[in-house]
Amino acid sequence: MLLRRLREVMAEPVAAQTRLDRIVVHIAANMVAEVCSVYVLRADGRLELYATEGLNREAVHLTTMRAGEGLVGLIAESAEALALADAQSHPAFSYKPETGEEIYNSFLGVPILRGGNTLGVLVVQNRVRRVYSEEEVEVLQTTAMLLAEMIASGELQSIVRPGGDIALRRPLALTGAPVADGVGLGYVVLQRPRVIVKQIVAEDLKKEAERLDESIAVVRGNIDDLIKRGEEDGPGEHRDVLEAFRLIAHDPGWLRRLHEAVRTGLTAEGAVERVQNDARARLQRSTDPYMRERLHDLDDLANRLLHQLTGEPLTTAAADLPDNAIIVARTMGPAALLDYDRAKLRGLVLEEGGASSHVAIVARALGIPTIGEVENITTLVEQGDAIIIDGSTGEAHLRPPSDVQEAYAEKARLRARRQEQYRSLRDQPAVTKDGVKIDLHMNAGLLVDLPHVDETGAESIGLFRTELQFMLAPQFPRVNEQIALYRAVLESTQGRPVTFRTLDIGGDKVLPYMRTYEEENPALGWRAIRIGLDRPGLLRSQLRAMLRAGGGRELRIMFPMVANAAEFDAAKAMVGLELAHMTRHGHEEPRSLKLGIMLEVPSILWQLDEILARVDFISVGSNDLVQYLTAADRDNKRVSTRFDPLSAPILRALKLVTDKARETGTPVTLCGEIGGKPLEALALIALGYRGLSMTASSIGPVKAMILALDAGEAGRFLSPRLAARDAAPSLRAELRAFAEASGVPL
Ligand code: PEP
Ligand code: MG
């Protein structure tokens, strides 16, 4: 048995080159081939001959070829096996004279794969025209797995020639989407660590086949249970993913391939890895996004199976986090991130989640640099790899070379210094050079946000997104729990007001424990106040909790997604009912109660008279307002940045609100993301906005901008540009030039 023999060679206490030399001798002998050679893929993209039996030994470490060059290069590029009786007539054939290979006619080569990535090529050759059987191809592929382990283990490092670094450990620069600002330097911790299969070669094939069947049965059962209970298996995995798992877990083709792999001499674990390697190599090169999505499902399922087989835990335990950890995950739910020790977390990298995912909200609240939509990251990294991420650009540097490391360390130092400067502005009021006071408020939604109110010197919490706590909770929070939460929020701000927003669920914000309805256009669907009005029990219990928590204090409540005055009236009537209920039960009423709306639905722009006659305040939710005004989904990266909010139509709409509100003296703030960006905030001040609510980390930069700004001058600069008939699709460049010319830091 070749595999068994090779396993002994792997265990021998010899130098790496000697081991490789012995391996090729054994493979050649076992396969009755005159030649067996190992080529390893280098960081520079070339394949280097690392060992050979049969070709000229002098060529080892000297002969190299490009990926795509010759048959070996073709295999590396396609990641597929190639068996040829007459190799020389293949169009890709070329030979290296120094190896003396021209006398060999038949050729069988297989890729050395790990995680779907090619690490090298393993080849056997014969002088005669020989047709290699399916079984021989299989055996060589299995053998290549042992070599993959050897390369991945780093053992070959000792025989790397200068300048010939091995591809596996090469530095990689990847780009994803920016999610949460900040630079993170640290080491990869896979949320779902891959099982490193150590035992590839089977002792007892029958036993391995049984182990395989047993584990598949357990994994199938687990998936069925999860589906039946209607639960998600850990955060981030939704029902459709589980359904996909179930389909694959019962796919006869998949099962057949696993059993075939065991029959070639592999352990159950080895078989899972082998079948998954093939699938990855095939699907990763697919240009069809649907197929690539299936690859993820297959990967996850294979991983579950490996964990079941080895008994290793499926996820990295939050308690086992090493220092300077950068968590790498396919997706993550918001609660999972809160489980990790903040002091050890340096960053988060997601393969799928983007800036609008729920975990992004938590990451920003915790100040954890985060990037998302980094394709394939979970297969490209190894546990413990050095990694640097930049949450403001979406870049990741995997195994960074020292110059990149130094550059980022410097960037991190600079950032810390700037934060220090912002902190020094904390107690300074945000007043422009021409004496206009701007109220800077903070957006919050989690208890972890609350200390920031004091740290940043925010005037108040301008937007408390109550749904976040609901999204994190395992079940619908009871009135008493809600009262305790809202009370904690009010107490933490030391007398500064808090504007609570009632539940803004629906759309992409789902409560795991609440029944959801399939909607074609969730952003235009049954959400926010619409649910609240249709399910008065829900809204009233929340209002009751807010009123009770606000007893004896100043309380502000606003309603999201209001589309007409009647909706506000109906919501206000519910508040009235709850107030009456309160007094009947002898609870203390709020000292002052202000009710307002979020201005997110464009129809409000043409009902400002009716609305302003009713509300105590308006908060402009520009995230939604802009998405509806431009008919561009804020969560769809193809279109979300297509239209610049710094454009005449959007700015005109925003101006309408401040102009009208000034007439009635109704306070207006803006609490969408644009309020926290210095250049956008500059434009808003120029339009007449005097209150902005933003994430904690934006308050410093926006205040620094305000202190250097002349608001009157900004207004005079913007006004003619808004009125102009030839308005460009974006006023950004002009505004930026204005800021630079006026010495306003952005
Ligand atoms: C908005 O729409 O601008 C807003 C602040 O609300 P959210 O981002 O929670 O939808
Ligand atoms: Mg909104």
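Reader: Which backbone N or O atom lies 3.1 Å from an oxygen atom of ligand 1?
Author: One belonging to Ser 622. This is a predicted model, where local features need pLDDT of at least 70, side-chain atom pairs count only at pLDDT 80 or more, and totals for chains, interfaces and linings use all residues. Residues are numbered from 1 along each chain as its sequence is written, chains are lettered from A and ligands numbered from 1 in the order written, and side-chain values use heavy atoms, without hydrogens and water.

Reader: How much of ligand 1 does the protein bury?
Author: 98% of the 290 Å² that ligand 1 exposes when taken alone (Shrake-Rupley method, 1.4 Å probe).

Reader: Which elements give two or more residues to the shell?
Author: Strand S16 (461–465) and helix H21 (622–629). H21 has the largest share, 3 residues. Helices (H or I) are DSSP runs of at least four residues, strands (E) of at least two, numbered from the N terminus.

Reader: Switching topic. Where does Thr 267 lie?
Author: In the loop between helix H7 (252–263) and helix H8 (268–284).

Reader: Is Thr 267 buried or exposed?
Author: Buried, because its relative accessibility is 4% (buried is under 20%, exposed over 50%, partly exposed in between; 1.4 Å probe, protein chains only).

Reader: What is Thr 267 in contact with, leaving aside neighbours within four places in sequence?
Author: Its contacts (heavy atoms within 4.5 Å) include Gln 199, Glu 208 and Val 262.

Definitions and conventions: A polar contact is a pair of N or O atoms within 3.5 Å; within protein, one must be able to donate a hydrogen and the other to accept it, and residues adjacent in sequence count only if both atoms are side-chain atoms.
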